[in-house]
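Walk through this model with the structure open. Take it one site at a time.

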Amino acid sequence: MLRPDPQDPWLPRLAGYEARRVPAYRAAKDYVCPACHNTISAGIGHVVVWPVEWVEDRRHWHLHCWRTATRRGRLA
Ligand SMILES: [Zn+2]
């Protein structure tokens with residue numbers, strides 16, 4: 001389960017969303033990245049993102065896809 005990790009200063013942020021790194025050792029299963037629709041395989045470090053006001057809507061993102069979204073200033 002997610003623990004309340006300390007804020008990671010190197011992880012790009014987007015207003016209205018929380019983001020946390022999922023390190024490789026905690027990436028126990030495959031996910032589909034909502035940005036590129038490609039698989040994030042188990043054992044690959046990535047990012048979990050959720051709306052500040054809707055924690056149930058967690059999505060697993062590739063780090064590079066999340067970085068692109070934060071540069072763009074919106075999810076898609
Ligand atoms: Zn992706």
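Thr70 touches Pro12, Arg13 and Leu14, setting aside residues up to four places away in sequence. The model is predicted. Thr70 belongs to helix α1, which covers residues 63–72. Its relative accessibility is 16%, so Thr70 counts as buried; the cut-off for that class is under 20%.

Now turn to the metal. Which residues supply the protein donors of the zinc ion? They are Cys33 (SG), Cys36 (SG), His62 (ND1) and Cys65 (SG). These donors lie 2.0 to 2.4 Å from the zinc ion. Along the sequence, the donor residues follow the spacing C-x2-C-x25-H-x2-C. The site is tetrahedral, with angles of 96 to 118° among its 4 donor atoms. For four tetrahedral donors, the ideal angle is 109.5 degrees.

Are Cys33 and Cys36 buried or partly exposed? Cys33 has a relative accessible area of 0%, so Cys33 is buried. Cys36 stands at 26% relative accessibility and therefore counts as partly exposed.

Last, look at Val52. Val52 sits in the loop between β4 (46–51) and β5 (59–61). With a relative accessible area of 46%, Val52 is partly exposed. Beyond its neighbours within four places in sequence, Val52 is in contact with Gly16, Tyr17 and Glu18. Ala76 is 24 residues from Val52 in sequence. In space, the two are 17 Å apart, C-alpha to C-alpha.

Note on methods:
Residues numbered from 1 in each chain as written. Predicted model: local features only at pLDDT ≥ 70, side-chain atom pairs only at ≥ 80, totals over all residues. Heavy atoms only, no water. Helix = DSSP H or I, 4+ residues; strand = E, 2+ residues; numbered from the N terminus. Buried < 20%, exposed > 50% of the residue type's maximum accessible area, 1.4 Å probe, protein only. Contact = heavy atoms within 4.5 Å. Donors = N, O, S within 2.8 Å, 3.2 Å for Na, K, Ca; no water. Tetrahedral: all angles 85-135°; square planar, octahedral: opposite > 155°, others 65-115°.
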